[in-house]
Amino acid sequence: MAAHCPNCRFERLQAAEFHGESVDLCGRCGGMWFDDGELDRSLSSADNGHDKVKLESSLGDFIGYDRRACPKCRSKLGRFYLLNGLEMEVQRCLDCSGTWVEQEARAVVVDTPNAAEFLQQLQGKLGIGAWLFQFLLKLPLETNLKPKGRPWVTWALIVLNVFMFACYQLQVDWLAPYQAELPLTPALLMQGEQPWSLLTYMFLHGGYLHIIGNMYFLYIIGDNLEDVLGRTRYLLLYLLCGMVAAFAQVAADPSSTTPIIGASGAIAGLFGMYMLWFRNAKLSFMLLIVQLRLPVQWYFIIWLGMNVWGLMQAGVGVAYWAHIGGFVAGLVVGWRYRASVFANNPMVALLHQGTLRWRRDARQSK
Ligand SMILES: [Zn+2]
Ligand SMILES: [Zn+2]
């Protein structure tokens, strides 16, 4: 018997392929029907980092019965949250155990195992290993969605920074003629000299702590941003934030002859974007010996406060204006590209909206 779409009742479902499984698709509304087991099998073979998906047996809460009937056995469909914490539902036949996935849910269903893992981590506690890591290294731990692809640009930026650092440390010969020309010197830039230093300064570091701190933040935060922006746009925005940071520092003290170096300004730009797009992500923060997992907004607001405080102390040796300038550039970029990032990354958009509901549900279930 031909199966008809539960939405467009006179439209026949047609055979279609979804990540290696032969499923039933409505050509009119884009809804998709998975017979028992087909959804788990297709999500297991999809490229989402998960090979043994068991979503069908672990859907979120039952919401109620649907008015529509199962396309295969005509029984009533039940409505379920795709995951508790997400404002997205699927319908499941309680008799034949098939699953109906609307087109809007289809855009996120492949990433669901990743999101499930993330939501679980948010509720879980950090272990003793995580405490020791942070106690000893003073670096935060990130909790966020796993990026889908490999972050080649982020890795390349880290390699380039480490390479330049090593060359300066080893005083290699080929670098000698340029060594003084690559850092950013505000007084020289104001005279129109060394314009390239607006770019080159952000690939240089002065000491081990400086480069380890910067590269670690680039490593944990850059991968998610590269994932949602795409490689080229990510690289260009990274460089743009670094340049805005340089301008901010030069504008604050144009006559300074102290050379400025470091990726901090560009990375501060990444903080701004990250804070606007991944508001459910968390970074751990060590208060003496107490490890707190803070929402990213809090973490970066504390970080910004420390920079403003540093400025007021008239601290030397740190380019506070570059940090603040880069961060503001990142916020502006984050706002400007918000709609396109969410449109291209439905799961990121869904988690962004789903927060309030998830917090409320989590409280009720206690
Ligand atoms: Zn339809
Ligand atoms: Zn059925």
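**Figure 1. Separation of the two domains in the predicted model.** The centres of domain 1 and domain 2, taken over C-alpha atoms, are separated by 39 Å. The structure shown is a predicted model. Within the protein chain, domain 1 covers residues 13-110 and domain 2 covers residues 125-364.

**Figure 2. The largest nonpolar core and the contacts of Y274.** The largest nonpolar core contains 89 residues, of which A115, A245 and Y274 touch the most other members. At least three residues of this core come from domain 1 (13-110), and at least three from domain 2 (125-364). Y274 touches I221, N224, L225 and V296 when residues up to four places away in sequence are not counted.

**Figure 3. Packing of helix 10 against helix 12.** Helix 10 spans residues 264-277 and helix 12 spans residues 320-336; the two pack at an angle of about 35°, and their axes are 6 Å apart. Their crossing is right-handed. On the side of helix 10, the residues in contact are S264, G265, A266, A268, G269, L270, F271, G272, M273, L276 and W277. These residues meet A322, H323, G325, G326, F327, V328, A329, G330, L331, V333, G334 and W335 of helix 12. Classified by residue type, the contact comprises 14 nonpolar and nine polar residues, with no charged residues.

Figure 4. Helix 1 (residues 38-45) has E38, L39, D40, S42 and L43 as its buried residues.

Figure 5. N114 is a residue of helix 3. N114 counts as partly exposed because 17 C-beta neighbours lie inside 10 Å, whereas a buried residue would need 20 or more. Apart from neighbours within four places in sequence, N114 is in contact with N48, G49, H50, L145 and K146.

Figure 6. Helix 4 (residues 128-137) is hardly covered, and the count of buried residues among its ten residues is zero. K138 follows helix 4 and has a positive phi, near 60°.

Note on methods: Residues numbered from 1 in each chain as written. Chains lettered and ligands numbered in written order. Predicted model: local features only at pLDDT ≥ 70, side-chain atom pairs only at ≥ 80, totals over all residues. Axes fitted to C-alpha atoms, helices over the stretch in contact; angles between N-to-C directions. Helix = DSSP H or I, 4+ residues; strand = E, 2+ residues; numbered from the N terminus. Left-handed = near helix turned anticlockwise from the far one by under 90°. Contact = placed C-beta atoms within 7 Å. Nonpolar A, V, L, I, M, F, W, Y, C, P; charged D, E, K, R; others polar. Core = buried A, V, L, I, M, F, W, Y, C linked by C-beta atoms within 7 Å. Buried ≥ 20, exposed ≤ 12 C-beta atoms within 10 Å, placed from the backbone. Domains from an automatic or database assignment.
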